[in-house]
Amino acid sequence: MRVLVACEYSGKVRDAFTALGHDAWSCDILPSESKGKHIQGDVLDMLGGFCGGEWDVLLGFPPCTYLSVSANKWYKNQAPRPSGALVGAERREAREQGKAFFMALANAPIDKIAIENPIGIMSTQYRKPDQVVQPWMFGHGETKATCLWLKGLPKLEPTDIVDGREQRMHLMTPSVDRAKKRSETYTGIALAMAQQWGK
């Protein structure tokens with residue numbers, strides 16, 4: 001299958017599909033952190049196809065900065081945050097742009113689609129997710145509720161339920177690359193996607 005992994009620069013999901021023989025490509029505005037087929041640019045330009053071929057599967061990981069339920073207090077009109085992050089009307093506009101991007105992926109002309117995001121506003125602005133998965137269902141002893149909106153794909157079956165319910169992501173200390181670390185797909189989940197959706 002030809003697989004497009006939208007908004008991925010780690011290459012984890014792309015590489016999991018590639019290892020099973022699929023023609024998998026990642027696409028992000030950032031360069032890929034690993035070797036493999038990667039398109040650096042706007043994924044919306046790629047949804048109709050690439051290099052003369054159409055996509056069989058789209059796996060979307062749109063940015064959740066303004067779609068999650070965290071930091072909701074900053075949508076009110078108030079003084080700027082010390083960090084320089086958006087507040088008030090600017091933050092509300094960024095949320096609208098985030099919603100439009102999410103829906104562009106969800107409505108792409110591709111038969112099999114999975115969109116991933118944390119618990120957030122798309123559950124009410126779009127529809128409830130088809131599934132919520134946790135890392136501990138796929139071999140990682142941590143919690144991080146992850147919603148999946150599916151089209152033409154089955155729900156993921158747990159592959160390795162393990163003990164441990166550490167909230168590592170939630171408790172991660174602030175750092176320059178904190179958002180990047182929090183957004184990475186767990187290897188166990190990437191493998192499950194490739195093995196189960198790559199059939």
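Predicted model: local features only at pLDDT ≥ 70, side-chain atom pairs only at ≥ 80, totals over all residues.
**Exercise 1. Characterise packing and surface.** What share of the residues is buried, and what share of the accessible surface belongs to carbon and sulfur atoms?

*Solution.* Begin with burial, taking under 20% relative accessible area as the cut-off. The protein has 199 residues, and 44% of them count as buried. Finish with the surface. The accessible area is about 10,400 Å². Carbon and sulfur atoms hold 55% of that area.

**Exercise 2. Find and describe the cavity.** Which residues line the largest cavity, and how do they divide into nonpolar, polar and charged?

*Solution.* First, count. There is one cavity of 30 Å³ or more in the structure. Second, take the volume: the largest cavity has about 80 Å³. Third, list the lining. It consists of Phe61, Glu116, Lys144, Thr146, Leu148, Glu184, Thr185, Tyr186, Ile189 and Met193. Two or more lining residues come from each of β7 (146-151) and α6 (187-197). In β7 (146-151) these include Thr146 and Leu148. In α6 (187-197) they include Ile189 and Met193. Last, sort by class. The lining has five nonpolar, two polar and three charged residues. Tyr counts as nonpolar here, so Tyr186 goes with Phe61, Leu148, Ile189 and Met193.

Conventions
Residues numbered from 1 in each chain as written. Heavy atoms only, no water. 1 Å grid on protein atoms, 1.4 Å probe; cavity = no way out; pocket = protein on both sides within 12 Å on 5 of 7 lines; lining within 4 Å. Points joined across faces, edges and corners; volume = space filled by probe spheres on them. Helix = DSSP H or I, 4+ residues; strand = E, 2+ residues; numbered from the N terminus. Buried < 20%, exposed > 50% of the residue type's maximum accessible area, 1.4 Å probe, protein only. Areas by Shrake-Rupley, 256 points an atom, 1.4 Å probe, with all protein chains shown as cover.
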